[in-house]
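Subject: Structure handover

Hi,

Here is the structure I promised to pass on. Please open it first, then read the notes below it.

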Amino acid sequence: MLRQPFDLTSEAAAELVEPPQPLVHPGPRNTRRRTSVATDSSSVHTTLTTGMRLLDSLGRAVDDTGCTSAQVELMGGTLSRVSYCVPAICTDGSVPLTYSATREAETPAQLLTASVTLGHRDGERFMHCHAAWIDTRGNVSAGHLWPETLIGDVPVYAVIHTLPDVDLISSTDPETAMPTFVPAARTLAVDGPRSSGSRAVMSRVGPGEDLTRAAMEICREYGFAHAIVRASLGSLVGARLRQGNDLQAVDGPGTEVVSVVGRLHARGDTVDGELATILVDRHGQVHAGQLMRGHNIVAITFELFITEGS
């Protein structure tokens, strides 16, 4: 990680650091760089069952909403097992990025925050979850959680963002040769009464796209004058973050984004706003800051959830 002081109010600030270059993937480039589905989303607040696999408890909670899929924010509570990985450079050259060997945190771990995409793969419940936690030694760590992760004695608090018109299906992406969630319009109605919610868009942003610009383009496309980004996760090619007048150039070629949050506002054809993130690099180091527009390129995929609202 490189830290340099800049006057970041200057338009020339971004030119002082070169943005990361997009990764070269093994498959044919998909001409469609974003796939989006609009829906009405409500927030359901709940606690997850202690002693269960995180995946299983989340699946039950989302099933109770009548939806097949959801974006979820987690916070608080403990994990009695944290099975995870961080990004790694692929040594055989078949793909640019892969997963590190599985790691196990020292537990019980206090969960700080997590973002989850919950849907299906091969007909079974499947999650994409990036989390940050404090282990028993007091270390702050983060990574991509595996299904073996268990909820501890203190229940985990969950905010489920329902996606009644969306099916999230994970499959192997032909371009990146990696598992990827892609939203599709749901063909069956939600079971039971449907509560009204805010207008929302669930998107898969493809590799090589700048994350902030993608969020702004989605707001413009769907006519959101004001929008909130939450419960979003994926991977970036390194990262370029602002912290006050400091710039962090996070080492790539891959970082796992634990969460992205922020507000965007449209004024005519212009969309303004800032997105903040927590992420972990391939060395296992955790970073946080505001995303520099034009300097944070999607590595493999990004699951971006945007709701209308001020």
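Start with the strand pairing. Strand β11 (residues 124-134) and β12 run antiparallel, and five bridges join them. Keep in mind that this is a predicted model. Within that pair, W133 stands opposite S141 in β12.

The two strands form a hairpin, with five residues between β11 and β12. In that hairpin, G138 takes a positive phi near 90°.

β12 has another partner. Strand β6 (residues 83-85) pairs with β12 in the antiparallel sense, over two bridges. Here C85 stands opposite H144 in β12.

How covered is β12? Mostly: five of its six residues are buried.

Now to H144, the residue I looked at in detail. H144 sits in strand β12, which spans residues 140-145. Is H144 buried or exposed? H144 has a relative accessible area of 6%, and the cut-off for buried is under 20%, so H144 counts as buried.

What does H144 touch, leaving aside its neighbours within four places in sequence? The contacts are S83, Y84, C85, Y99, H128, C129, H130 and E256.

The side chain of H144 makes a polar contact with the side chain of H130, at 3.4 Å.

A general point to have in mind as you look at the strands: in a regular strand the side chains alternate between the two faces of the sheet.

Best wishes

Conventions
Residues numbered from 1 in each chain as written. Predicted model: local features only at pLDDT ≥ 70, side-chain atom pairs only at ≥ 80, totals over all residues. Heavy atoms only, no water. Helix = DSSP H or I, 4+ residues; strand = E, 2+ residues; numbered from the N terminus. Buried < 20%, exposed > 50% of the residue type's maximum accessible area, 1.4 Å probe, protein only. Polar contact = N/O pair within 3.5 Å; in protein donor to acceptor, adjacent residues only side chain to side chain. Contact = heavy atoms within 4.5 Å. Pairing = 2+ DSSP bridges.
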